[in-house]
Structure formats: C-alpha cells, structure tokens
Amino acid sequence: MADHISEKSAKAAAERVATKATKPRKAAPQPQSGEGAKPTLLAGGNPQIAKAEGDAPVQAYIAAMPGWKSDLGRRLDAIIVRTVPGVHKAVKWNSPFYGIEGQGWFLSFHVFTRYVKVTFFRGTSLRPLPPGKSKHKEVRSLDVYEDQLDEAQFAAWVKQASQLPGERM
C-alpha cells in the first residue's frame, strides 16, 4: 500500500511540473535603451530609475517626473545643491537620495499621484517639525502639492537636516 501512495504522489508531482512548464508566461518588460527612451512610470507616476550614485541618475529621475512635478523636482534639487554644497546624490528604490559623503543620507523624495513627498530621515530633530508623521520614530515628511512649496522653510529644513547624522542605507 505504501508503494501505491508514493507512486500516486510521484505521478501527481510530475503532472504539476508538466502543467507549470506548459503555462504561458508573461513577457518580461523590455529594457529601455538608447537616446530618448523614457523611463517607465510606476504607481502614482513615480519614475523607475535604476539604482545608481551621482547627479546623472537623479537628473534622469527629475526629467522623468510627470507634469508640474518635474519643475518641482528641479526646484527641490536646486535648493538642496545651493544649501549643501558638495551634496552626495543617488537614486535608490526609485527615489532620489541626498546626503553627505561618508555620513549617510538626510533626505529623499518620491512622486505620488497628487503630490511629491519629501522625507527627512532625522525629521523629528528639525525645527519647526515638518508636518508629516511616519511609522518610523525619527522620520518626518512634507507633502508638496502644485505651487505650494515654501522655499525658505524647505531650505532651512535642508540645512538643519544636512548637519545631523545621516541614515545609512
């Protein structure tokens, strides 16, 4: 009887493997290459940019931000660069990150459908506190809607954030 059960189990397993092998697979997304190829926009319009260090991937992310958000991305980037000379940049998890070389990251932003979320990794140490709370103890954020960036306040937060210990990621 034990031989009968194991034979039956083996036959069922073989059928499952055969069924899986014959099922059609979804086509893998084609890599985008060449000049003028636009990055894929993920949920909420967030650009899909490969993980990389430096200004070039951050500028590619900003250029791919949809509509008014691209102009906002350029403004955020310009304020950060002006406020923190020599800032280190990277794209990680489809978001631009800003930090101090060797000290970690202090800020990131991410595109959503109606706004751009700026995240301060040590935001609870900033004064005044950025309005957005997080499930992470020290993180605070700022949701920026079209034409609603207080550049002076943002620059003050950037300056404060850049002077705090950065987040290692």
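Modeller: A residue is called buried under 20% relative accessible area, exposed over 50%, and partly exposed in between, with a 1.4 Å probe and protein chains only. This is a predicted model, in which local features need pLDDT of at least 70, side-chain atom pairs count only at pLDDT 80 or more, and totals for chains, interfaces and linings use all residues. Residues are numbered from 1 along each chain as its sequence is written, and side-chain values use heavy atoms, leaving out hydrogens and water.

Biologist: Is Phe-97 buried or exposed?

Modeller: Phe-97 counts as buried because its relative accessibility is 5%. Trp-93, at 57%, therefore counts as exposed.

Biologist: How is a pair of aromatic rings described?

Modeller: The distance of the centres and the angle of the planes describe such a pair. Rings of Phe, Tyr and Trp (its six-membered ring) pair if their centres lie within 6.5 Å; planes under 30 degrees apart are stacked, over 60 edge-to-face, and the rest tilted. By this rule there are 9 aromatic pairs. Tyr-61 and Phe-109 form an edge-to-face pair, 6.1 Å centre to centre with 70 degrees between the planes. Both Tyr-61 and Phe-109 are buried. Trp-93 and Phe-97 form a tilted pair, with 5.8 Å between centres and 55 degrees between planes.
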